[in-house]
Amino acid sequence: MAERITVGSIDYSLYLVTGRDLLPVGKDYLETLEQSLQGGVTVVQIREKNADTAEFLKIALESQTICRRYKVPILINDRIDIALAIHADGVHLGQTDMPVSMARSLLPKGSIIGVSCNTKEHIQTAVEDGADYVGIGAVWGTLTKALTSPIIGVRGVGEMLKSLDGTGVRAVAIGGIKSTNALRTLHGTISTTGHALDGIAVVSDIMNSADPLASARSLSSTIRAFKSYSAQVPSASSVLSPEHTAESIKTSVSSLLGIIKSLKPLVHQITNTVVTNQSANATLALGASPIMATASAEMEDLSRVSGALLVNMGTVTDKEGMLLAGHHANLHRKPIIFDPVGVGATTFRRTVANELLNAWQASVIKGNAGELGALANSEEVKARGVDSVGKGFADPASFVKQLALKERCVIILTGITDYVSDGSTVIKLDNGHELLAHITGSGCMVGTCVAVFCAAAASTVEVRTDKKLVDGDMLSGAIGGVLAVTVASELAAARPDVFGPGTFLPALIDELYNLTPDKVIEQAKVEVIE
Ligand SMILES: Cc1ncc(COP(=O)(O)OP(=O)(O)O)c(N)n1
Ligand SMILES: Cc1nc(C(=O)O)sc1CCOP(=O)(O)O
């Protein structure tokens, strides 16, 4: 008999769950299995929902012969008897299948037992029962199986992973994972405690593929690159960047301003009806090119050509367009800047914001204390309309840092003093003028300028890796966008032809237009506080 694989040695990276009914016409199951192994599948689960016992046995044995050639463990879905009969390496059990302890008592010592989980309580029970790994799903929507519980979303998986801290129980996510969202799945699910998935489980992306070897290879290379990244940095998003100083930040921002002027990146903006014209003018003034498009039909094409996407929730008229735009931006690895305007004002807005953040990964989220408080479910700061109530956060630096870790992106907390964090560093910015509060849409203008700077930051990346969803210095992009507006506001307010809000707004656009790297370096008040 061939050697069984021991629990500790399992590599869960690319976990194939079989599904013969999904094979394209003319494709042979065993050939597909072998090609998937050649492409990098590291664990196989035989899932036969319609086969009788004799057929299940035959398929399991034939699959095992191939898996053993590649030294890849084979697990059996639900059926302990089949696992025993073929001396499989283990089983995968659902919530309504045999309890782990009973399965453990029947199976040989060292068998691998995995359990499906879709709540934190399931995870806790699986840990207590001595499961070796959990399959958390469904992370996305899937057509492969009729789901009986709600889709968890990447942020939900992250919350569940926290419950595995310190347990040694391994975890894969399942449900709707494809090569197109694998990187987003891996990055987006990391918990605030830095707990990452051990692997991803797929059915259709491999079983339904015309080229299973290529499909498995693509998933496998994404996972490998991700693992090499997360091994270096367990938690935050851009911790790979060098030590920041006020001077180094000002230099990065200034160089991004130069890049904007020379490259003139196209910035796709889905924004609200109040500020569309003003935000487009701010984009042009900085030297970039705006496209204010909202139709779902153009989202895919736009994601190819634009340098960044701004999603401003000021007027939520087309949620589908926002979902689609973000999906394609993630796919094409373009930064998404999310401005959850008024998210605390209504339940509808909170629901939409959560839906968007579950569907795609933002590179930067910008909001005032009320908005970010609502997003973080904070008890400390509440929102009223688009404004905050009360004094703000007692410790804004730690708030932005924690939210950055939770959302896995750069967070900008706007106010009289602005705070920016990538989950590792926290930067305090002290520029701005009170006239900004007397014109409409100055906050939205910050979102726009952040998108422009992030487009420049992403455009400087020469070699793209799979280590991050969006390569490029998003922290500097975020800071650059804030400083552009706040420094320009000070310059505008100081002009002799500015007498109040009416003359301030055109002067602000002028000063954005006239902003130079030197002015940023001279005027920016940047403090690295952590
Ligand atoms: C890795 C992995 N995770 C979850 C499942 C789902 O298993 P289960 O809940 O038993 O549902 P069915 O697969 O029986 O439909 C899985 N199979 N693998
Ligand atoms: C078998 C299975 N279990 C799920 C769960 O949520 O527990 S989702 C799922 C099907 C996953 O198929 P695909 O990769 O084609 O989306």
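**A parallel barrel and its ligand shell**

Strand β1 (residues 14-17) runs parallel to strand β2 (residues 43-46), and three bridges join the two. Strands here are DSSP E runs of at least two residues and helices are H or I runs of at least four, numbered from the N terminus; two strands pair if DSSP finds at least two bridges between them. This is a predicted model, in which local features need pLDDT of at least 70, side-chain atom pairs count only at pLDDT 80 or more, and totals for chains, interfaces and linings use all residues. Residues are numbered from 1 along each chain as its sequence is written, while chains are lettered from A and ligands numbered from 1 in the order in which they are written.

**Barrel**
- Eight strands close into a barrel with parallel pairing, in the order β1-β2-β3-β4-β5-β6-β7-β8.
- From one strand to the next, the twist averages 25° (axes are lines fitted to C-alpha atoms, for helices over the stretch in contact, with angles from 0 to 180 degrees between N-to-C directions).
- Helix α2 (residues 53-69) packs on the sheet and touches β2 and β3 (74-77), contact being C-beta atoms, placed from the backbone, within 7 Å.
- The direction of α2 makes about 170° with that of β2.

**Ligand 2**
- Around ligand 2 there are 17 residues, the closest being G137, A138, T142, T144 and S204; a residue counts if its C-beta atom, placed from the backbone, lies within 6 Å.
- β6 (133-137) and α8 (204-207) are the elements that give two or more residues to this shell.

Conventions. Two residues are in contact if their C-beta atoms, placed from the backbone, lie within 7 Å.
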